Amino acid sequence: MSWGTELWDQFDNLEKHTQWGIDVLEKYIKFVKERTEIELSYAKQLRNLSKKYQPKKNSKEEEEYRYTSARAFLATLNEMNDYAGQHEVISENMTSLITGELTRYVQELKQERKSHFHDGRKAQQHIETCWKQLEASKRRFERDCKEADRAQQYFEKMDADINVTKADVEKARQQAQLRHQMAEDSKAEYSSTLQKFNSEQHDHYYTHIPNIFQKIQEMEERRIVRIGESMKTFAEVDRQVIPIIGKCLDEITKAAESIDHKNDSQLVIEAFKSGFEPPGDVDFEDFTQPMKRTISESSLSNSRGDGKSEPKFGSKSKGKLWPFIKKNKGAGPEDFSNLPPEQRRKKLQQKVDELNKDIQKEMDQRDALTKMKDVYIKNPQMGDAASVDQRLAELGQNIEKLRLEVQKFEGWLAEVEGRLPPRNEQARRQSGLYEAQNTSAVNSCAQDRESPDGSYTEEQSQETEMKVPATDFDDEFDDEEPLPTIGTCKALYTFEGQNEGTISVAEGEMLYVIEEDKGDGWTRIRRNEDEEGYVPTSYVEVYLDKNAKDEYKSLQKISE
């Protein structure tokens, strides 16, 4: 089966067919290219989706990821990021192994096709030229034969005419012989040209054209094989990433199976447990007696007889008041006294751990600088040993400050742990209030309700029941008045405020000071209406407005 023998007369159709084959190849290249663009776009969208739902740094979302279900979701996001990477690999491999290779091959194919059909046209032009030469020789032979016949007929006519001179007859005879000779020469030339044409035609249809068409056939078959191999590569590129994609999906499944609902429930307890005991039964109050009720042991305020008695959940008014105690907003007190005991203990323990890490970090830096100083002392050409003394002194001061901070927080922690009931034992009865002695709202309520003789009146009790939800509860959702600005400050170093109540600042940033250092090493600053917090005093250079500072101090005295 050869195009040279079977399609010897289909030069134009073969030219069209091979051009169609190249068009198909280019169409496939375009298809793969669009597939790679889709893969890239899909991968980009997956990455953006994963990034969109990643927890924001230093946000509340980070705390939520201690739950197993949230960690499983985070693992899913990370695996989806890897999943997207595999689609990028598909795009890269298809671009390099298919579109790139086929694009180069198409250029080579076009050049080869052009060369083959150029040879075919050249062979056709040659055989057509030979045919034209044969036709010309044939027409010349035919013309000479006709001329010879006419010359012979003219001679015979002249020879038969008795009125024609002998000279004219001889002239006609010579002309006839000349024409016969020319006809013979044309015949010989025609015969030679015919033989040559037949030879050329035989070579054209049995040698040249078959060879050219055979090359075109081989070229077309290579194109077909190449596009088939590219289609296999197309599938293989996908197949190569299937194991990795499968691992990603297995990890997602593994993360889902790692979800522990019991553990998450326990974490909720640890996160929100206050450490208080539920309120006890409410005592029966007999209103049939025409006497004033005296302060009971379970009332909100302390009894007149023992001002140090522990408040308990017992009275009706007590049960109504304790959920509506106004909570401190903003950064809160340094010792976390605004929190329930259990939460306060956790916060203090967390703070102690963070301070210990900071101390270790500072000590590592000090050790490194000490070693550097020793090297400088032994090899003065490497540096000046005195250049690190200032930094070592600063590190020593920082370590000392941090240790004092640790002692302070450990003292508070020991105080809280001393008050907390044992973990697995029956806890003693405690107040539902967080810090009754530190909460002015509760004290004021208790004082307002207590009569001069230490008892509660009926009218006061009803008034309390009506007013508490309308005042303290509403105050829970009211924004506190922002502190006035007392100056400005410039950040000397970058500070990453990762702890609750702190704020991140960049080196060189200008901010407002709203509360100066009270001796604990922290200054309270504000960036805008929504962002404020504490930064280490050593990290900022403060410029206090004298008038504003005096006004701030006077307000503090008034509030005290």
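This is a predicted model: local features need pLDDT of at least 70, side-chain atom pairs count only at pLDDT 80 or more; totals for chains, interfaces and linings use all residues.

**Cysteines, helices and strands**

Colleague: Cys248 first: buried or exposed?
Modeller: Cys248 counts as buried, because its relative accessibility is 4%. Buried means under 20% relative accessible area, exposed means over 50%, and partly exposed is in between (1.4 Å probe, protein chains only).

Colleague: And what about Cys145?
Modeller: Cys145 has 25% relative accessibility, so that one counts as partly exposed.

Colleague: Give me the overview. How many helices and strands?
Modeller: The chain has twelve helices and seven strands. They are DSSP runs, numbered from the N terminus: helices are H or I with at least four residues, strands are E with at least two. Of the 560 residues, 31% count as buried.

Colleague: Pick a helix. What is the span of H6?
Modeller: Helix H6 covers residues 261-272. Its twelve residues should span 16 Å at 1.5 Å a residue, and its end C-alpha atoms are 17 Å apart, which agrees. The expected span is 1.5 Å times one less than the number of residues.

Colleague: Which residues of H6 are buried?
Modeller: Asp264, Leu267 and Ala271. Seen down the axis of H6, the buried residues fall within an arc of 55 degrees, so they line one face of the helix. That arc is taken from the directions from the helix axis to the C-beta atoms. An α-helix has 3.6 residues a turn, so residues three or four places apart point the same way.

Colleague: What covers the buried residues of H6?
Modeller: The cover includes helix H4 (68-160) and helix H8 (341-378).

Colleague: What caps the N-terminal end of H6?
Modeller: Asp260 does. A side-chain oxygen of Asp260 lies 3.1 Å from the backbone nitrogen of Lys262.

Colleague: Switching to H5. Where is His204, and what is it in contact with?
Modeller: His204 is in helix H5 (residues 166-257). It counts as buried, because its relative accessibility is 3%. Beyond neighbours within four places in sequence, His204 is in contact (heavy atoms within 4.5 Å) with Ala123, Gln124, Ile127, Ile209 and Pro210.

Colleague: Now the strands. How do S5 and S6 pair?
Modeller: They pair in the antiparallel sense over five bridges. Two strands pair if DSSP finds at least two bridges between them. S5 is residues 522-526 and S6 is residues 532-536. Together they form a hairpin with five residues between them. Ile525 stands opposite Gly533 in S6.

Colleague: How many residues of S6 are buried?
Modeller: Four of its five, so S6 is mostly covered.

Colleague: What joins S4 to S5?
Modeller: Three bridges, and the strands run antiparallel. Tyr512 has Arg526 in S5 as its bridge partner. The hairpin of S4 and S5 has six residues between the strands, and Gly519 takes a positive phi near 100 degrees there.

Notes:
Residues are numbered from 1 along each chain as its sequence is written. Side-chain values use heavy atoms; hydrogens and water are left out. A polar contact is a pair of N or O atoms within 3.5 Å; within protein, one must be able to donate a hydrogen and the other to accept it, and residues adjacent in sequence count only if both atoms are side-chain atoms.
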